[in-house]
Structure formats: structure tokens, C-alpha cells
Amino acid sequence: MKVLQINSVCGRGSTGRIATDLADVLAAHGHTCRIAYGRDTAPERYRGTAVRIGGDRDVYLHGLKSLLLDAHGTGSTRATVRAIEWIREYDPDVVHLHNVHGYYIDTRLLFRYLKEAGKPVVWTLHDCWAFTGHCSNFTAAGCEQWKTRCVHCAQRRSYPASLFLDRSGRNFQSKQGSFTGLPNVTLVTPSDWLAGLVRQSFLKRYPVEAIPNGIDLDVFKPTPSDFRERHGLVGKQILLGVANVWPSSKGLDDFIQLSSMLTDEQKIVLVGLSEKQIRTLPEGILGIRRTDSVQGLAEIYSAADVFVNPTHEDNFPTTNLEALACGTPVITYRTGGSPEALDESCGAVVSEGAGNILSALSALQVPPDACVRRAARFEKKAQFEKYLQLYESVMKRPLRGSPKVVSTEC
């Protein structure tokens with residue numbers, strides 16, 4: 001079986017690691033996999049597997065078009081044409097989409113090709129961008145326009161930011177035209193929460209399955225290190241937060257508020273911050289820049305006493321699983337799909353607010369082995385083998401009518 005994965009990144013960040021982990025599982029079963037990706041570079045070991053769509057200039061120009069014209073997903077046209085030529089030559093049996101946003105691909109051309117080719121498609125939605133007129137998440141904003149038609153977007157300045165124009169209505173209609181009408185597609189969400197949203201969107205006619213993210217338990221496991229000694233944290237209770245980037249929706253302000261409530265024997269450690277964010281932190285927080293070293297992350301997770309995830313909107317954060325696998329209990333908000341990784345044996349789910357985190361922290365008594373046992377339910381090979389079964393299923397599925405081609409003219 002020949003599989004093509006398409007994602008914004010390869011081997012970096014949560015979705016990039018999901019793509020490469022899945023490629024490993026496919027290879028272990030004797031299948032061929034290629035990853036077409038849009039930004040940054042692929043890790044060395046995947047250079048023979050990964051193919052970049054376009055280059056830095058394409059990403060820059062796509063980002064500029066999005067910023068000035070609110071036209072995300074309609075740039076990188078030449079790069080997309082070349083990518084489609086390569087895809088035709090590779091001739092995959094299944095196309096597995098991940099994030100098709102991220103300033104690297106013209107989704108109109110991509111989906112026109114998919115409709116013409118009639119290839120079986122598996123599309124993992126890691127957020128809500130596919131069925132909105134602009135944003136990737138709308139929970140914190142309390143918006144429900146996506147159920148009917150987006151107009152006058154309240155999050156125009158959020159990712160993918162637009163400085164001047166609001167074309168959310170046109171974007172919504174364009175996505176609806178491009179993303180519907182595929183003859184053989186199955187949508188996958190990592191959480192039951194997101195699956196429920198998809199079933200209320202214009203993608204509701206497609207079958208939807210929930211397959212939680214998987215993690216590598218050979219990497220994320222209780223890992224000894226000198227992290228505490230290096231950072232002067234011996235004898236302190238470490239409250240850890242990890243994110244690829246730290247917008248306000250990830251709870252950075254909540255951590256800052258929480259830091260003012262802690263004692264001198266407690267310390268917050270945040271991983272994934274920018275230099276600018278680190279410079280503005282209060283004394284009670286240790287800021288660490290983003291790292292692509294999974295071994296380094298495992299050491300930090302293992303050194304922490306509790307992992308705190310005060311996300312205000314998230315699908316199914318892999319960070320929760322990584323912390324649990326390293327024997328660290330989790331406290332998270334009752335938002336999105338974040339609570340679905342936990343049960344009462346390994347952490348606490350609380351309402352939003354730093355005070356609620358503090359209350360849960362004082363009552364938390366979780367043995368590390370209970371966290372490890374919970375994480376074992378999400379072992380990557382077991383989770384990703386569900387994708388292999390899905391690939392085989394969609395390859396046997398007859399096309400639903402004739403492939404429908406929708407105009408991609410601006």
C-alpha cells in the first residue's frame with residue numbers, strides 16, 4: 001500500500017510528529033509512505049520520506065496574502081501545481097490529509113485534484129479551520145456562526161491573521177465548495193468533542209471517526225535527568241506547562257496569575273516560549289524556549305511534579321499524554337477535548353480559572369505508575385494501526401457518485 005500524508009510540518013510539533021510516527025508504523029508493516037509538508041525542515045532520518053511543497057519564499061508570500069487579503073489557503077499556487085504533478089507520479093493508494101492550513105498550499109487546487117483523481121482520502125482534523133470562514137478555534141470566542149455561515153469574524157486578527165479585510169463570508173463559501181463533494185473521504189478527529197462539532201458543520205455528510213493521538217512510550221517514559229539541578233529547582237514543587245506556541249488561548253495569562261498565588265517552594269516552568277515572552281515573565285516562572293528534542297521534553301516532564309494545561313480551546317492535546325507517560329499527573333480545564341485524556345486516577349479536570357487550578361493542586365494525590373498506566377491506553381502503534389485498518393477500509397469503499405469538480409476561480 002502506498003500512502004501520502006500532507007501536513008504543514010514534518011517531524012516537528014505535535015502534528016508533525018504524528019505524521020512521522022504514522023510513517024514509522026506504515027514502514028514496519030511493509031507499506032510505503034511519503035510526507036508532503038510545507039514549512040521548516042524535516043528531521044534527518046525522514047529526508048528520504050519527506051518532500052517539501054514549495055520553499056520559504058512561497059510561505060512568505062502566502063502569509064502576506066493572508067495578512068493583507070484574508071485569503072488564507074489560496075496562496076502557494078505554483079508550489080501546489082508542482083506538488084500535484086509529483087503526487088500524480090507517486091500515485092498513492094490513499095491520501096491522508098492533516099493540517100492543510102499553514103501558508104503552504106492552495107487548498108482549492110489540492111481538492112480539485114482529489115476530486116478528479118477519485119483517490120480515497122482520510123482527513124484528520126486537528127482543529128476547526130476546515131469548517132470556519134477564518135479561525136482555527138472558536139470556543140474561547142463563543143462563536144457559533146460556523147454552523148450556518150461566517151460573517152464579520154470577531155477573530156480576524158487571530159491566526160491566520162488578517163490586518164485589514166474581513167472576507168470570512170467568502171472564505172466560508174469557498175471552503176464549503178472545495179471541501180465537500182469528495183467521492184471517498186473519511187474524517188478523523190482525535191477527540192469525541194471535535195467529532196461532535198464536525199457533525200454540526202457543512203462537513204456533516206462525511207463519515208467521522210474519532211482516533212485519539214498516539215505517543216511513543218519508548219521515548220515518553222519516566223526519565224532521570226539533572227534538570228532540577230541545572231535550573232536550581234531542587235526541593236521545589238514544579239508546575240509544568242508545555243506548548244508549541246503560547247497564544248493567550250493556551251493559558252499563559254492563567255499561569256502568570258497562578259504564579260502570584262504560589263509559595264516560594266513552588267515554581268512554574270513553561271516550555272515553548274519566545275524570547276520576548278520570556279523577558280516579560282514574573283520571577284515565579286522559569287521560561288524555556290521551544291525544543292524539538294523529544295528526549296529533552298521527556299526529561300522535563302519527568303522532573304515536574306504536575307503538568308498544568310490551562311488551555312481555553314484545544315482538540316486533544318498530545319502534551320497531556322506525554323506528561324502522563326512520564327509519570328506526571330495532569331490538571332486541565334474542562335474545555336474542548338483536553339479532558340478526554342484523563343480519568344480520576346491520573347489527574348483533575350477543573351473549571352477555568354487559576355484559583356481552581358490551585359485548589360486541585362492542593363488535593364492532588366496521584367502515584368506516577370497510575371499516570372503511566374493511563375498513558376499506555378494511547379500507545380502510538382496501537383492507535384496508528386487503527387489508521388491502517390481505516391486505509392484498507394476506504395480502499396474497498398465504492399465511490400459515492402461521480403467525482404465532482406468545483407470551480408476554484410477567485
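Angles here run from 0 to 180 degrees between N-to-C directions, and axes are lines fitted to C-alpha atoms, for helices over the stretch in contact. Helices (H or I, at least four residues) and strands (E, at least two) are DSSP runs, numbered from the N terminus.

This is a predicted model, in which local features need pLDDT of at least 70 and side-chain atom pairs count only at pLDDT 80 or more, while totals for chains, interfaces and linings use all residues. Residues are numbered from 1 along each chain as its sequence is written, and side-chain values use heavy atoms, with hydrogens and water left out.

The strands E1, E2 and E3 belong to an open sheet of 7 strands in the order E3-E2-E1-E4-E5-E6-E7, with parallel pairing, where two strands pair if DSSP finds at least two bridges between them. Its edge strands, each pairing on one side only, are E3 (50–52) and E7 (208–210), and neighbouring strands of this sheet are turned against each other by 20 degrees on average, direction ignored. Strand E1 (residues 2–7) and strand E2 (residues 32–37) run parallel and are joined by 6 bridges, with Ile6 standing opposite Ala36 in E2.

## The six-stranded sheet

A further open sheet is formed by 6 strands in the order E10-E9-E8-E11-E12-E13, and its pairing is parallel. Strand E10 (285–289) and E13 are the edge strands, each of which pairs on one side only, and the twist from one strand to the next averages 20 degrees.

Strand E8 (residues 237–242) pairs with E11 in the parallel sense over 2 bridges, and Leu239 stands opposite Val306 in E11. Helix H10 (residues 294–303) packs on the sheet, touching E8, E9 and E11, and its direction makes about 140 degrees with that of E8. Helix H8 (residues 252–259) lies across E8, strand E9 (266–273), E10, E11 and E12, and runs at about 160 degrees to E9.

Strand E11 (residues 306–309) pairs with E12 in the parallel sense over 3 bridges. Val308 stands opposite Ile331 in E12, and the chain crosses from E11 through helix H11 (residues 318–325) to E12 in a β-α-β crossover that is right-handed, a term used if, with the strands pointing away from the viewer, the path from the first strand over the helix to the second runs clockwise. Asn309 has Thr332 as its bridge partner in E12, while Thr332 also stands opposite Val349 in E13. Strand E12 and strand E13 (residues 347–350) run parallel and are joined by 4 bridges.

## The enclosed helix H11

Because 8 of the 8 residues of H11 are buried, this helix is largely enclosed by the rest of the structure. The buried residues are Thr318, Thr319, Asn320, Leu321, Glu322, Ala323, Leu324 and Ala325, and what covers them includes H1, E8, H10, E11, E12 and helix H13 (368–375). Just after H11, Gly327 takes a positive phi of about 85 degrees.

## Packing of H1 on H14

Helix H1 (residues 13–28) packs with helix H14 (residues 380–396) at an angle of about 75 degrees, and their axes are 9 Å apart. That makes H1 roughly perpendicular to H14, on a scale where angles of 65 to 115 degrees count as roughly perpendicular, under 35 as roughly parallel, over 145 as roughly antiparallel and the rest as oblique.

On the H1 side, Ile18, Asp21, Leu22, Asp24, Val25 and Leu26 meet Lys380, Lys381, Phe384, Glu385, Tyr387, Leu388 and Tyr391 in H14. The residues of this contact divide into 8 nonpolar, no polar and 5 charged, where Ala, Val, Leu, Ile, Met, Phe, Trp, Tyr, Cys and Pro count as nonpolar, Asp, Glu, Lys and Arg as charged, and the others, Gly among them, as polar.

Note on methods
Contact means heavy atoms within 4.5 Å. Buried means under 20% relative accessible area, exposed over 50%, partly exposed in between (1.4 Å probe, protein chains only).
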